[in-house]
Amino acid sequence: MTSHERYEQQAGHERQARHEYAGRTAPASTPAVAVVSPTVNDYTGFAEAYAADNETNLLNAHYERPAMLDLAGDVAGRRILDAGCGAGPLATALHARGARVSGFDSSAGMVELARRRLGDDVDFRVADLGGPLPYADDTFDDVVASLVLHYLKDWGPALAELRRVLKPGGRLIASVEHPFAMNLMHRQAGREAEYNYFDTTNWTDEWTMSGRSALMSRWHRPLHAMTDAFGAAGFRITVISEPAPDAAARELFPEALTAAPRFLCFLFFVLETAPAVSGD
């Protein structure tokens, strides 16, 4: 086993032990294309428990969210749409930095928590990413899509809508499950035959929060499929990031980060709307 693989394994062990990333259990062995029931991805069922964990855990609070904020940079005065806003932790941080924020999520329970948190300062709505969005063309300077695209089988409609609501030259800042990390996890579990890296495949696992369990379904796709989808939707990639956790994480999670100060978990993109091509 290489040192890189040992780091990956240690990070995975730490995630499982601390119930990181929403307290999920080890992934169940499922077919390459899982049968999705109506109860899959029911965030409303454990919205409050998930939101509380998200505030303090390693992967969300000290890795993913700081990376998104760092990539966003100075947002004062910018109109930002939080796509898949959940209970609003990223929207709260952006609002505190002076952005004019709107947000939506498919979970009514999550949206209610976000509204409780920020009141009338932020316009939160219930809407599905991948369907028509309730915003006018060319409305936002930036869209942030934090750990939400990997819930979709087809990124095309979602990216087209996000492209539509962005102003010319606007940015899409997105984080997704890192395809290399997901492939490594499946290989370590002996599921490499079911989850070929180069295929777009659905997989489910069970998350347990405050005694309630739910099946969570996500889609793995290889890196080239991601970049192809961005290009097809009219985006130009300006940044691909694989960051380290924030400075506070080493003191809060010393066991995990002494063994693996850098690890693969999520992959981050900054995309800009490509200029329209004028005709002759």
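This is a predicted model: local features need pLDDT of at least 70, side-chain atom pairs count only at pLDDT 80 or more; totals for chains, interfaces and linings use all residues.
## The cavity

Rolling a probe the size of a water molecule over the atoms shows where empty space is left. In this structure there is one cavity of 30 Å³ or more, and the largest cavity has a volume of about 50 Å³.

The lining of the largest cavity is formed by H150, W155, V176, E177, P179, M182, W219, H220, R221 and M226. Three elements, namely the strand β5 (166-177), the helix α8 (179-188) and the strand β7 (212-220), each contribute at least two residues to this lining. Sorted by class, the lining of the largest cavity holds six nonpolar, two polar and two charged residues.

## Helix α3 against helix α6

Helix α3, which covers residues 47-56, packs with helix α6, which covers residues 108-118, at an angle of about 55 degrees, and their axes lie 9 Å apart.

On the α3 side, the contact is made by A47, E48, Y50, A51 and E55, while α6 supplies G109, M110, L113, R116 and R117. The residues of this contact between α3 and α6 comprise five nonpolar, one polar and four charged.

## Helix α3 against helix α4

Helix α3 also packs with helix α4 (residues 58-72), here at an angle of about 50 degrees and with the two axes 4 Å apart. That angle makes α3 oblique to α4, and the crossing of α3 and α4 is right-handed.

The contact brings together Y50, N54, E55 and T56 of α3 with L58, N60, A61, H62 and R65 of α4. When these residues are sorted by class, the contact of α3 with α4 has three nonpolar, four polar and two charged residues.

Notes: Residues are numbered from 1 along each chain as its sequence is written. Side-chain values use heavy atoms; hydrogens and water are left out. On a 1 Å grid over the protein atoms alone, a cavity is a set of points where a 1.4 Å probe fits but cannot get out, and a pocket is an open set with protein on both sides within 12 Å along at least five of seven lines; lining residues have an atom within 4 Å of a point. Grid points are joined across faces, edges and corners, and a volume is the space filled by probe spheres set on the points. Ala, Val, Leu, Ile, Met, Phe, Trp, Tyr, Cys and Pro count as nonpolar, Asp, Glu, Lys and Arg as charged, and the others, Gly among them, as polar. Axes are lines fitted to C-alpha atoms, for helices over the stretch in contact, and angles run from 0 to 180 degrees between N-to-C directions. Contact means heavy atoms within 4.5 Å. Angles under 35 degrees count as roughly parallel, over 145 as roughly antiparallel, 65 to 115 as roughly perpendicular and the rest as oblique. A crossing is left-handed if the near helix is turned anticlockwise from the far one by less than a right angle, and right-handed if clockwise.
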